[in-house]
Amino acid sequence: MDGVPESDDLRRSATHVLLEDADTLLHDVIVVGDDVEHHLRRVLRLRDGESVSVTDGAGRWRMCVLRDASSGSLEATSSVVAAGAPAGFTLASAIPKGDRVDWMVQKATELGADRVMLLHAERSSVRWKPDRSAKQLLRLQRIADEALRQSRRVWRCTIVGPVAAMDVLADATIAEPGGEAIRGDEAMVAIGPEGGWSDVEAETAGRRVSIGANILRTETAAVAATTLRMVGHH
């Protein structure tokens, strides 16, 4: 093995893999699942010897090379690195209409949110019934995991909800025109539906922040808030 890799190695790798079984990260030879093998061999058309970074999604990662493209076998070339603590940021948002929620989850993950919490607010026009929620959360988690791979993250972004906004707003900072600037240390920023927060919801929140002079769509506001928070954090 070549020792401890640098973060630049992640960016230079041909692709990034989230392991289904976290314990396999410790193996010197890692055999990935059929879906990943298909992606490596058929979609990316990687050849033996190309670099692949792998992560358990819990902050640990290492560098490998593709040893046998036909079987999806990876050979570790570095020791395991334990990354520093994640940003500790939850993006809480009312559910946007249609496939806009997909885009929101993808971009929030790429930008560095640690958790996306979907909300049912008083003025929400989109509400998921319990039987639909389970399927939607699985689908959105797959989108977040793909965004993790694309952006070379080593901490998984988890997708949760939907929860009633009033259950979490007391511990949240809400995006609202006329609020303060985002500092970069917010644990949770909540984005309301297109109809805005109700008076009771706005009064329940601990703090208000502004994300710009214009009125934004829910998913646009969510991405803007995540960007401002992550930039402020760094």
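Figure 1. D35 is exposed, because its relative accessibility of 64% is over 50%. The model shown here and in the other views is predicted. D35 belongs to helix α2, which covers residues 34-43. On the surface, D35 gathers with E20, D21 and D23. Together these four residues form a patch of negative charge.

Figure 2. The side chains of D8 and R11 form a salt bridge, with N and O 2.2 Å apart. Both residues sit in helix α1, residues 7-12. Their spacing is three residues, so about one helical turn separates D8 from R11. D8 is partly exposed at 35% relative accessibility. R11 is exposed, with a value of 55%. Side chains of opposite charge can pair when their charged atoms come close. By the rule applied here, the model holds 15 salt bridges.

Figure 3. R100 and E219 meet through their side chains in a salt bridge, 3.7 Å from N to O. R100 lies in helix α3 (residues 100-111), whereas E219 lies in helix α6 (residues 218-233), so this pair ties together parts 119 residues apart in sequence. E219 has a relative accessible area of 7%, which is under 20%, so E219 counts as buried.

Figure 4. R183 and D185 form a salt bridge. Their closest N and O atoms are 3.0 Å apart. D185 is partly exposed, with a relative accessible area of 48%. R183 is partly exposed too, with a value of 49%. A network is also found in this model: R100, E194, R217 and E219 are joined by salt bridges that share partners.

Figure 5. Strand β1 spans residues 15-18. Which side chains of this strand point one way, and which the other? T15 and V17 point one way. H16 and L18 point the other way. All four are buried. In a regular strand, side chains alternate between the two faces of the sheet. Strand β1 pairs with β3, residues 51-55, in the parallel sense. Four bridges link the two strands. In one of the pairings, V17 of β1 has V54 of β3 as its bridge partner.

Figure 6. The bond from G161 to P162 is cis. Its omega is near -10°. P162 is found in strand β9, which runs over residues 158-164. Most peptide bonds are trans.

**Figure 7. A positive phi at R152.** R152 has a phi of about 65°, a positive value, although R152 is not a glycine. Most residues other than glycine have a negative phi. Where does R152 lie? R152 is in the loop between α4 (130-151) and β9. At 19% relative accessibility, R152 falls under the 20% cut-off, so this arginine counts as buried.

Terms used:
Residues are numbered from 1 along each chain as its sequence is written. This is a predicted model: local features need pLDDT of at least 70, side-chain atom pairs count only at pLDDT 80 or more; totals for chains, interfaces and linings use all residues. Side-chain values use heavy atoms; hydrogens and water are left out. Buried means under 20% relative accessible area, exposed over 50%, partly exposed in between (1.4 Å probe, protein chains only). Two strands pair if DSSP finds at least two bridges between them. Patches are made of residues with over 30% relative accessible area and no salt bridge: like charges are joined within 9 Å, nonpolar side chains (Val, Leu, Ile, Met, Phe, Trp, Tyr) within 5 Å. Accessible areas come from the Shrake-Rupley method with a 1.4 Å probe; for residues, only the protein chains shown count as cover. Lys and Arg count as positive and Asp and Glu as negative; His and the chain ends are not counted. The place of a charge is taken as NZ of Lys, CZ of Arg, CG of Asp or CD of Glu.
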